[in-house]
Amino acid sequence: KAFGDGFIAKPIDKKRLFICFDRLSKKQHKNIISFKDIYGMNIKINVNDIISIISKGRYTLVCKNKKVWECNRSLKKWCTILSNSNFFLCKRGVLLNMHAIECIDVDEYVILKNGSKFKLTDNLGKIFEDEYNLYWS
């Protein structure tokens, strides 16, 4: 039994292997953070479950799959809190979880697992590519 999540038989299916690694990393990194939404409700969420954080003027949108919370916390504060996590500021006002990236298309759009698309700025394209390759190596 591998990682407590099932068996991995030979020949090894890479997709199944990465799913096991993802589950293992989520179990090991129980990074729960809390914040208040604009209505004053306390929200507790695992950092690995956050897909993106988007600045919307005075508010930030914290996105988790189909769920979105509005928060009074600034994007700068989020960057400080998540500095030790796998987040990347792909353009002004958009913080992405590297773990939630599905692919990068030829037009330099980052496509997330929830279907969202974000355009990389020209000067960040190469930096992002290096960070992304480093993250998955």
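**Exercise 1.** Determine whether F35 and W69 are buried or exposed.

*Solution.* In this predicted model, local features need pLDDT of at least 70 and side-chain atom pairs count only at pLDDT 80 or more, while totals for chains, interfaces and linings use all residues. Residues are numbered from 1 along each chain as its sequence is written, and side-chain values use heavy atoms, with hydrogens and water left out. Buried means under 20% relative accessible area, exposed over 50%, and partly exposed in between (1.4 Å probe, protein chains only). F35 and W69 are both buried; for F35 the relative accessibility is 2%, so F35 counts as buried.

**Exercise 2.** Classify the pairing of F35 with W69 and with W78.

*Solution.* Rings of Phe, Tyr and Trp (its six-membered ring) pair if their centres lie within 6.5 Å, and planes under 30 degrees apart count as stacked, over 60 as edge-to-face and the rest as tilted. This rule gives two aromatic pairs. The pair of F35 and W69, at 6.2 Å centre to centre and 75° between the planes, is edge-to-face; F35 lies in strand β1 (residues 32-36) and W69 in strand β5 (residues 67-71), 34 residues apart. Strands (E, at least two residues) and helices (H or I, at least four) are DSSP runs, numbered from the N terminus. For F35 and W78 the centres are 5.4 Å apart and the planes stand at 75°, so this pair is edge-to-face, and W78 belongs to helix α2 (residues 75-81), 43 residues from F35. W78 is buried, with a relative accessible area of 0%. Together, F35, W69 and W78 form one aromatic cluster.
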